[in-house]
Amino acid sequence: MSATTADTASTAPLLDVRGLARHYHLRPASFFGERPVLKAVDGVDFAVAPGRIFGIVGESGCGKSTLGRLVMALDRPTGGRVLFEGEDLLALPARALARRRRGFQMVFQDPYGSLDPRQRVRTIVGEPLHLDPAARNRKLRRERVGEALAGVGLSPADAEKYPHEFSGGQRQRIAIARALVTRPKLIVADEPVSALDLSVQAQVLNLLLDLRDRHGLALLFISHNLAVVEHVADRVAVMYRGRFVETGAASEVLHRPLHPYTRLLLDAEPNLDAPRRLRRRAAAAPPQQQPAAAAPESAGCAFAPRCPLAVERCRAETPILRGLDADRAAACHRAGETA
């Protein structure tokens, strides 16, 4: 079984993504010119088992957030399928999809922008309950909101306050409570701690892990921060220009990378213990001149212009994501070689 098709061989996936793609037609350079195509997501496959955390890492512009929106059915794909408990979300009529959303919710990046400042917390957290006919009773709705707030370390009395009365970390807890109020099986977390201070980041990450342990939640965790992903994820996929270039167990990928791009990301992380190594790697890899997903389409490996290992084959033949051992896959002709 491919490393990209399941988290475990014995557990049926809760979320199963197959061949997912999202292409955008851009404005042509001239009036009669062809419209270039931006491949924000370009044929991605992965699965998340119940109670597991799947991390997606990569630079800004690589397609991570677009992928999250496609999984949530907030955007329509160019191709592919998103199966949640075996049901293709993208094939559902709007009303059926709305009912299905009780099972999967999203936590957004900005705890300041994702909460309506004009509404009380009880309205914000209780908003998704309109998807649940059993929770439309006012008393039950109030109980569920209080339960969700208590579950993220806030007080049920906080339901009567407004977002401006809370710190950034508390606002993100409110956003998580809103995601939890329908008692979902999956949460898509798109950069959920990047706007927070380091000490608050740790609190929110530990909260997510605690919720996973208590409720058996599965998470699709999207971040550019490798240290954060290593702290929470069971498995990880490294994304570059709309494609996965390496997948595997988080501890293996982030400590024994097989793809040169993964090594570049790791070497770009602050590391006071190895300044010489960082300088050597940084000098070997040319700086990126444009957003990762917006680079023009060309033959060969998309990473070749930045890769210290690139050879002629890399510039002529596009590598596929291939299994290299029982639990690792990489899209590189020279995977595992050192510079």
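Helices (H or I, at least four residues) and strands (E, at least two) are taken here as DSSP runs, numbered from the N terminus. The structure described is a predicted model.

**Confidence**

Across the protein chain the mean pLDDT is 86, and 87% of the residues reach 70 or more. Residues 1-10 keep a pLDDT under 50, and the model gives them 22 contacts beyond four places in sequence. The pLDDT is also below 50 over residues 272-295, a stretch with 32 contacts in the model beyond near neighbours in sequence.

Four strands form an open sheet in the order 2-1-4-5, with antiparallel pairing. Strand 2 and strand 5 (87-88) are at the edges; each has a single partner strand, so one side of each is left without a neighbour in the sheet.

Strand 1 (residues 15-25) runs antiparallel to strand 2 (residues 37-48), and nine bridges join the two. Strand 1 is also joined to strand 4 (residues 79-84) by five bridges, again in an antiparallel arrangement. Toward strand 2, H23 stands opposite K39, and L20 stands opposite V44. Toward strand 4, D16 faces L83.

**Loop residues**

E85 belongs to the loop between strand 4 and strand 5. Its relative accessibility is 35%, so E85 counts as partly exposed. R241 is placed in the loop between strand 9 (235-240) and strand 10 (243-249). With a relative accessibility of 15%, R241 counts as buried, because buried means under 20%.

P305 lies in the loop between helix 10 (275-284) and helix 11 (312-316). Its relative accessibility is 64%, and P305 therefore counts as exposed, the cut-off for that class being over 50%. P305 and R315 are 10 residues apart along the chain, and their C-alpha atoms are separated by 8.3 Å.

**Cavity and pocket**

The count of cavities of 30 Å³ or more comes to one. The largest cavity holds about 70 Å³ of space. It is lined by 13 residues, and those closest to its centre are P260, C301, C307, C314 and C332.

The second largest pocket has about 300 Å³ of space. Its lining also consists of 13 residues, with M72, Q105, M106, F108 and P128 nearest the centre. Strand 6 (104-107) and helix 5 (168-180) each supply at least two residues of this lining. Strand 6 gives the most, with three residues.

The linings are set out by class below.

| Space | Volume | Lining by class |
|---|---|---|
| Largest cavity | about 70 Å³ | 10 nonpolar, two polar and one charged residues |
| Second largest pocket | about 300 Å³ | eight nonpolar, two polar and three charged residues |

Definitions and conventions
Residues are numbered from 1 along each chain as its sequence is written. This is a predicted model: local features need pLDDT of at least 70, side-chain atom pairs count only at pLDDT 80 or more; totals for chains, interfaces and linings use all residues. Side-chain values use heavy atoms; hydrogens and water are left out. On a 1 Å grid over the protein atoms alone, a cavity is a set of points where a 1.4 Å probe fits but cannot get out, and a pocket is an open set with protein on both sides within 12 Å along at least five of seven lines; lining residues have an atom within 4 Å of a point. Grid points are joined across faces, edges and corners, and a volume is the space filled by probe spheres set on the points. Ala, Val, Leu, Ile, Met, Phe, Trp, Tyr, Cys and Pro count as nonpolar, Asp, Glu, Lys and Arg as charged, and the others, Gly among them, as polar. pLDDT is the predictor's confidence in each residue, from 0 to 100. Contact means heavy atoms within 4.5 Å. Two strands pair if DSSP finds at least two bridges between them. Buried means under 20% relative accessible area, exposed over 50%, partly exposed in between (1.4 Å probe, protein chains only).
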